Amino acid sequence: MKVDSIASAFRLEGTPVTCAPSGNGHINKTFTVTTSTGHRYILQTINHHVFKDVEGLMNNVIAVTAHLHLCNDHDPRRVLTLIPTLDGTYYTKTNDGNYYRMFEYVENSVCLEQATTENDFFQSAVAFGEFQNQLADFPADTLVETIPHFHDTIDRYRLFRDALHQNLAGRADSCRKEIEFALEREEEAGKMVRMLQAGKLPLRVTHNDTKLNNVMLDAETRTPLCVIDLDTVMPGLAGNDFGDSIRFGASTASEDERDLSKVHFSLPLYRAYAKGFLGACGKTLTRNEIDTLPLGAKLMTLECGVRFLTDHLNGDTYFSIQRENQNLDRCRTQFKLVSEMEEQWEDMARVIREIVKEL
Ligand code: GN1
Ligand code: MG
């Protein structure tokens, strides 16, 4: 079935005229639809191999966006707005078994793949910090866990070891260095999960995929508009949300950069993000949560590297790729960032202490 004809299943202003691919997500496919009145919408497939409970996922997104709309006076630029289908639901399943949903297009906005200025990164931190605050009173037990064990680093290592053992794509010998790097850090990787289990870190409603390209900024003022990609909003750790932003946005190169000499962990970008994030939600975080923010950054970067490596070993079945060895390239950038964080470990903790003093 053609994607532009799928758009007609939704309650649109005008009739669909064009439908063009957009966005850079690794999981769902995204299109921009323009109608006869010039109105623009986002049409997205929901990857049901990754998200097995599509109905549960959509119920999460419906409930979370409704809650956020109340916090933002129903401003359609501040919160993702779902478009209902003609039969009054919020997603449609086509004959070929695929799922689709639509959102209002957020006009006059930018979505960045890399932080070009410290201010842009700071503003994205404000967006994710406020997001966290606004969901603080959301009833977490009503949310479905859309991907069980999503940031369970202990379980991520179990899957990595399985992939290593099975060596399905026959690639293990060609990435021994990366495999060693991951294994040397296995014990530390589980640290925050164990703190959670011991009651030393609280579960909150978190985003869990806080990449810079999952937030929209106003194209002119460069101030935050809305947080997008809500499929993994579920109970999680605040430090993981902080950490995932750092792993992606405090790097001087893109996630899949092949020239590792371009990839560095930037302490100034880290500081800018920490300032925005702690300014927005620092007062609600516990002492342990604040103290483990640097660890969150390191462990999310390590976890993501391990996930890319696992997928490379499995033959690229999870993250979409555009070229050979792209998941290995992605893994290498993550591990390079982890090494540099280890070198700047004391500075990372000091930055947090300095910011907290000024709150
Ligand atoms: C995926 O969907 P996207 O591209 O925003 C992934 C994240 C990874 C990220 C790495 C559901 O995010 O967990 O951190 O790629 N999302 C899922 O770039 O697995
Ligand atoms: Mg995304």
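**View 1. The five-stranded sheet.** An open sheet of 5 strands runs in the order E1-E2-E3-E5-E4, with antiparallel pairing; strands are DSSP runs (E, at least two residues) and helices are DSSP runs (H or I, at least four residues), both numbered from the N terminus, and two strands pair if DSSP finds at least two bridges between them. Strand E1 (16–21) and strand E4 (92–93) are the edge strands, each with a single partner strand, so one side of each has no neighbour in the sheet. Strand E2 (residues 30–35) is joined to strand E3 (residues 40–46) by 5 bridges in the antiparallel sense. Within this pairing, Val33 has Tyr41 in E3 as its bridge partner. The structure is a predicted model, in which local features need pLDDT of at least 70, side-chain atom pairs count only at pLDDT 80 or more, and totals for chains, interfaces and linings use all residues. Residues are numbered from 1 along each chain as its sequence is written, chains are lettered from A and ligands numbered from 1 in the order in which they are written, and side-chain values use heavy atoms, with hydrogens and water left out.

**View 2. The three-stranded sheet.** Strands E6, E8 and E9 form an open sheet of 3 strands in the order E6-E8-E9, with antiparallel pairing. Its edge strands, E6 (109–110) and E9 (224–227), each pair on one side only. E6 pairs with strand E8 (residues 215–218) over 2 bridges in the antiparallel sense, and Val110 stands opposite Leu217 in E8. E8 also pairs with E9, again in the antiparallel sense, over 3 bridges; here Met216 stands opposite Cys226 in E9.

**View 3. The E8–E9 hairpin and Arg222.** E8 and E9 form a hairpin with 5 residues between them, and Arg222 in the turn has a positive phi of about 55°. The side chain of Arg222 meets that of Asp120 in a salt bridge at 2.9 Å, N to O (a side-chain nitrogen of Lys or Arg within 4 Å of a carboxyl oxygen of Asp or Glu). This pair links distant parts of the chain, 102 residues apart: Arg222 lies in the loop between E8 and E9, and Asp120 in helix H3 (residues 118–134). The structure holds 26 salt bridges.

View 4. The domain assignment gives domain 1 (3–107) and domain 2 (118–358), with bounds that come from an automatic or database assignment. The contact (heavy atoms within 4.5 Å) takes 25 residues from domain 1 and 29 residues from domain 2. The domain centres, taken over C-alpha atoms, are separated by 26 Å. About 2300 Å² is buried between the domains, 61% of it on carbon and sulfur atoms; buried area is the accessible area (1.4 Å probe) that two parts lose on being put together, summed over both. His26, Asn60 and Arg78 supply 28% of the area that domain 1 buries against domain 2, more than any other three residues.

View 5. Asp218 forms a salt bridge with Arg77, with the closest N and O atoms 3.2 Å apart. Helix H2 (residues 54–71) contributes 10 residues, the largest share of the side of domain 1 that touches domain 2.
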